[in-house]
Amino acid sequence: MTTRQVLVAPARVDRWVANFVARHGESELLVGDGNLVGRAQDGSTFTAAPPFDQTYDGPADAAAFAQTCVPPAHWGVLLVRKGGFAVARLAGVRTVESKVGQRHVQGRTKAGGQSQQRFARRRDNQARAAYEAAAGHAGRILTGPLEALVCGGDRTAVEQVLEDPRLRRLVPLRVEPWLNVPDPRRAVLEQAVADGSSVMVCVTDPD
C-alpha cells in the first residue's frame, strides 16, 4: 500500500473528489471518525479531515463536507525558524494584522576549542534574541479571543517562543497539521495561511 497526504482548499474539495472518482472508478462516500471517507472500486481510499481539528458529522457528500470547512472567526498563524519568524492574526479568511521578520543567526563552525565555544555562545545569543523578537511581535498581534493557532517551521524554535509568559495561553490552541516551511517570508506566510485552513486528505493506493 502506498500512502500520501495532500492539502486541498475547501473550495476545491468537490472537484478533488470528482477527480478521484474519475481516476479510480465508482466510489462510495462515507463519514467516519469525523472525516469524509472515500472507497473506490480499484481499492484506493481517501480520508479527508476538516481543518482546525474540527469533526464532520453531516451527509456523505463532498459539497456538504466542504461547506463546513470554514476557518474560525478568530485564529492565528505562528512560523519560527532561526532565520526569521512570521505571525498573523486572522478573522475567518481575512488577515487582520501580520508581521514578518528576519534575524541573522550564524551557521555552525568547524573550529574547535575555545573558538568553537565562543562561536556557540554567540550563536545561542543570536537565536535567543531572534526568538524574543518573535515572541514580542506574537504577543502584540495574537491578542483577543483566538480559537486556534496554526504553527510551523522549526518545532524547537516554536516551543521556545511559546514559552514566553505572554504566549503560554496560546499553547492549548495549537492545531494540526504542523507546517514544514522554509525561513518565513511574506509569501511563505501567505501560503501557510492557505495551508492551515485547508483540508488534509490522506490517500492510500494498493500496490
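Two strands pair if DSSP finds at least two bridges between them. Helices (H or I, at least four residues) and strands (E, at least two) are DSSP runs, counted from the N terminus. Everything below comes from a predicted model, where local features need pLDDT of at least 70 and side-chain atom pairs count only at pLDDT 80 or more, while totals for chains, interfaces and linings use all residues. Residues are numbered from 1 along each chain as its sequence is written, and side-chain values use heavy atoms, with hydrogens and water left out.

**View 1. Strand β10 and its two partners.** Strand β1 (residues 2-8) runs antiparallel to β10, and seven bridges join them. One of the pairs here is Val8 with Val199 of β10. Strand β4 (residues 45-49) is also antiparallel to β10, this time with five bridges. Look for Ala49 opposite Met200. Five of the seven residues of β10 are buried, so the strand is largely enclosed by the rest of the structure; buried here means under 20% relative accessible area, with over 50% called exposed and anything in between partly exposed (1.4 Å probe, protein chains only).

View 2. Is Ser198 buried or exposed? Ser198 is buried, at a relative accessible area of 6%. Its side chain gets to 2.7 Å from the backbone oxygen of Ala194. That pair is a polar contact, meaning N or O atoms within 3.5 Å; within protein, one must be able to donate a hydrogen and the other to accept it, and residues adjacent in sequence count only if both atoms are side-chain atoms. Setting aside neighbours within four places in sequence, Ser198 is in contact (heavy atoms within 4.5 Å) with Leu7, Val8, Ala9, Pro10 and Pro51. Val13 is 185 residues away from Ser198 in sequence, yet their C-alpha atoms are 9.4 Å apart.

**View 3. The largest nonpolar core.** A nonpolar core is a set of buried Ala, Val, Leu, Ile, Met, Phe, Trp, Tyr and Cys residues joined through side-chain atoms within 4.5 Å. The largest one has 22 residues, and those with the most contacts inside it are Leu78, Val80, Leu142, Leu149, Val161 and Leu170. Two or more residues each come from β5 (75-81), β6 (84-91), α3 (113-141), β8 (148-153) and α4 (155-162). The largest share, six residues, belongs to α3. Apart from this core lies another, of 18 residues, including Val13, Val17, Tyr56 and Val203.

**View 4. Leu142 and Arg89.** Beyond its neighbours within four places in sequence, Leu142 is in contact with Gly76, Val77, Val87, Ala88, Arg89, Leu149, Arg169 and Leu170. Arg89 belongs to strand β6. What does the side chain of Arg89 reach at 2.6 Å? A polar atom of that side chain lies 2.6 Å from the backbone oxygen of Ile141. Leaving out neighbours within four places in sequence, the contacts of Arg89 include Trp75, Glu97, Thr143 and Leu146.

View 5. At the start of α4, a side-chain oxygen of Asp154 comes within 3.2 Å of the backbone nitrogen of Thr156.
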